[in-house]
Amino acid sequence: MAGISFKMAATRRVPQFIWYLTNELIPIRNNESVVWIVIERLVVRMDLEKQKSAPVYEALERFRKQRVVPFDVPGHKRGRGNPELVTLLGEKCVSLDVNSMKPLDNLCHPVSVILDAEKLAAEAFRAAHAYFMVGGTTSAVQSMVLTACKAGDKIILPRNVHRSVINALVLCGAEPVYVNPEVDNHIGIALGMELSKVQEAIEKYPDAKAILVNNPTYYGICSDLRSIVKLAHEHNMMVLVDEAHGTHLYFNENLPVSAMEAGADMAAVSMHKSGGSLTQSSLLLLGENVNTRYVEQIINLTQTTSASYLLLSSLDISRRNLALRGRESFEKVKNMAEYARSEINSIGGYYAYGKELVNGSSIFDYDVTKLSVYTRDIGLTGIEVYDLLRDEYDIQIEFGDIGNILAYISIGDRMQDIERLVGALEDIKRLYSKPTSKLHNAEYIAPIVAATPQKAFYAAKELVPIRETAGRICGEFVMCYPPGIPILAPGEMITEEIIDYTLYAKEKGCSMQGPEDGSLEKLNVLK
Amino acid sequence: MEFWFSEMHTDNVKMSIRVDKQLFSATSDYQKIDVFDSAEFGKFLTSDGSVIFSEKDEFTYDEMIVHVPMAVHPHVRKVLVIGGGDGGVARELSHYDEIEEIDVVEPDEMFVNVCREFFPDNACGLDDPRVRLHNRDGLRFLRGKTDEYDLIINDSTDPLGHTAGLFTKEFYGSCYKALKEDGIMVYQHGSPFFDEDEETCRAMHKKAFKSFPVSRVYQAHIPTCPSGYWLFGFASKKYHPIKDLDAKRWNDRGIKTWYYTTNLHMGAFMLPKYVEDLLREEESKK
């Protein structure tokens, strides 16, 4: 046992502050014997009194009461010019759809209420800086990549990154270095980034500028973020975290470590997923040692100059709600998910996985607010169960893939709805289950990056029969579900081995996605 | 003093009852419960602003949901009542000596307590020694129950409110599984009259029709329900509601009723044309 063992006591509340005690075990070595001393340390998380304010929202309220006559955009003029829109969205909503102006600040260069709201968000997420984003988490991810890399720079990525990351590479011209994730052979999903593989990549490409980690994954799998950050910083690399599915990690100490807590440099947080804000609103968080001026320039490269106040105020209000009530809310979400898991597992045939998957490396931790269920043992694919739930039971879940379904549980859910979901799954098993068939298990072929995604994107391409493409550079994505990790990405060398594997996977009934020619007879390659 | 309780039956239709006084108001984990006293309907209870039952017309509902299946099924030993926390259904069931067990599953404890306090004539049904009251979610209670009940009565309130889960395909599926091979399930079927409610009514029949070999609909006149016209569903694995009606057997029991008779039983399944049409339409859908 080396170093410091970190244990968190329950977060407690005293008026005004949220704080918690951490017990740190400090080893005192004396010849062969080791004495451990427990030091209790008080950590103040945030000032609750301050978090009760919502500057953007309050400014909008003040503005509404002033009854200012609008001779500016938007042209619907508080909805008067578009009565049908008012009928659909309501008077209150359209009257808040206003332009940037002095009392409401400006997202492109915040100096007053937006800046104040961003400071409160930074404090609530324990980040050095926070930016309100109105172009979805995609815009936050792109800002991270563009901040860390310029043309020709290398960036270390897990092979199963979100499309928005590759698109960012197309924009900036950086070169991807992929780390292949392990795939769980039973449930068929891609797992987290293993420390040993990150280390290998760093040793092989010591000039890489940054490491991007997808944490937690859609399925709730977490990597060893603290160790990855430590390792990356030792090699002067930035750590960027795609935390699209992890807003809640910041508000409950019984969940996996968040990016900022782990010391990451930047994190893209989908407030609109578990945070409760409006679709398309998001947060970009920065750690201590990032040049904020530069990040602001990068954001403004692609950000709208007419940011929606509906989105901005929803971020502000959601931040306040999370700061004041997030802990209780996510405790409830966690309990609902755990309850659903145990109920679904007791039906038999389904496997709702949880913490038991944790293995110390490729599954370093598991986000228990997620409810992912492996369905193949009742003879149905995740997609089939997904369709049955919607068509026959009026239940819409987040997605189904070949082997799994994912039901999204959030602060808006009620116990009686959980009962419906469990009841429906039981009924599906009773009425629709079939003999099981074996899943095709993917193995990985390490890609050879022959051109950057940017070069491949802009290059002239031609469609060539797939058998004749060996030795050519691929111009598009080829993905195989499961487990949804690209076999080929734009700019990668096609080999005989890859062609064989692709055709084999297709023959085995995997769903092949990405290529322009859906039948996969032909592939787009660089001329 | 003008003091009226009003309930919107549609956006454009309002039913109002002059209230003498309000006796109770509180919000439980599931619903807002109010109890009023009135000259015309006596005491009545509302959930989230909708009338659940009144002293004046409660007998129609409770008799129709209990005696119809009881006059058909030849040997009911074990009954499950989902909802039914007021005790009215249990009270009607207690007339039958051959019943051995009655499980009443009502998640809302406050609802039961309010009924015990203000509607003792209903709640007395819960004191029958054969009744076991379970404070649990209905779907949760049903899960894992197989081949156990002769009769399931879905006495939950509102297909759109907090009991929505009890009007779904998974609920009918769970009931099917929990019933014995000749079991019967009866349930509230809503009212088909107003456009707003028609869709729900159709969807319910479609689900039951798909889940059970026999699925018929019967009707009753209940003044406090939207349009005053209410339907019930009769879903069964074996018995037909009219062909298997044993009128003599039922009449020999000498149960005192105010609404139900075995003649009315036959008539209740004879539906208006527009109702028959919409049910047939659902049956013909794939």
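The domain assignment of chain A, whose bounds come from an automatic or database domain assignment, gives domain 1 (5–50), domain 2 (114–323), domain 3 (325–432) and domain 4 (453–526). This is a predicted model, in which local features need pLDDT of at least 70 and side-chain atom pairs count only at pLDDT 80 or more, while totals for chains, interfaces and linings use all residues. Residues are numbered from 1 along each chain as its sequence is written, chains are lettered from A and ligands numbered from 1 in the order in which they are written, and side-chain values use heavy atoms, with hydrogens and water left out.

In chain A, the centres of domain 2 and domain 3, taken over C-alpha atoms, are separated by 26 Å. Their contact (heavy atoms within 4.5 Å) takes 31 residues from domain 2 of chain A and 29 residues from domain 3 of chain A. The area buried between these two domains, meaning the accessible area (1.4 Å probe) that two parts lose on being put together, summed over both, is about 2,800 Å², and carbon and sulfur atoms give 55% of that area. On the side of domain 2 of chain A, Ile187(A), Tyr218(A) and Tyr219(A) supply 24% of the area buried against domain 3 of chain A, more than any other three residues.

Across the interface of domain 2 of chain A and domain 3 of chain A there is one salt bridge, the term standing for a side-chain nitrogen of Lys or Arg within 4 Å of a carboxyl oxygen of Asp or Glu. The side chains of Glu253(A) and Arg327(A) meet in a salt bridge with an N to O distance of 2.7 Å. The interface of domain 2 and domain 3 of chain A also holds 20 residue pairs in polar contact, both residues being at pLDDT 80 or more; a polar contact is a pair of N or O atoms within 3.5 Å, where within protein one must be able to donate a hydrogen and the other to accept it, and residues adjacent in sequence count only if both atoms are side-chain atoms. The elements that give two or more residues to the side of domain 2 of chain A that touches domain 3 of chain A are strand E9 (221–222) and helix H11 (309–347) of chain A, where helices (H or I, at least four residues) and strands (E, at least two) are DSSP runs numbered from the N terminus. H11(A) gives the most to that side, with three residues.

Chain A also contains an open sheet of four strands in the order E13-E15-E17-E16, with antiparallel pairing, two strands being paired if DSSP finds at least two bridges between them. Its edge strands, each pairing on one side only, are strand E13 (351–352) and strand E16 (399–400) of chain A. E16(A) is joined by two bridges to strand E17 (residues 404–407) of chain A, and the two run antiparallel. Helix H12 (residues 382–393) of chain A packs on the sheet, touching E16 and E17 of chain A, and its direction makes about 45° with that of E17(A); axes are lines fitted to C-alpha atoms, for helices over the stretch in contact, and angles run from 0 to 180 degrees between N-to-C directions.

Some backbone details of chain A lie in loops. The peptide bond from Val73(A) to Pro74(A) is cis, with omega near 0°, and Pro74(A) lies in the loop between helix H2 (55–66) and helix H3 (83–89) of chain A. Arg78(A) is found in the loop between H2 and H3 of chain A, and its phi is near 55°, a positive value in a residue other than glycine.

Chain B is divided into domain 1 (4–53) and domain 2 (58–284), and the C-alpha centres of these two domains lie 23 Å apart. The area buried between domain 1 of chain B and domain 2 of chain B is about 1,900 Å², of which carbon and sulfur atoms give 78%. Between these domains of chain B the count of salt bridges is zero, and three residue pairs are in polar contact, both at pLDDT 80 or more.

Five strands of chain B form an open sheet in the order E1-E2-E3-E4-E5, with antiparallel pairing. Within chain B, E2(B) and E3(B) pair in the antiparallel sense over seven bridges, and Gln22(B) stands opposite Phe36(B) in E3(B). Helix H3 (residues 109–118) of chain B lies across E2, E3, E4 and E5 of chain B, running at about 95° to E2(B).
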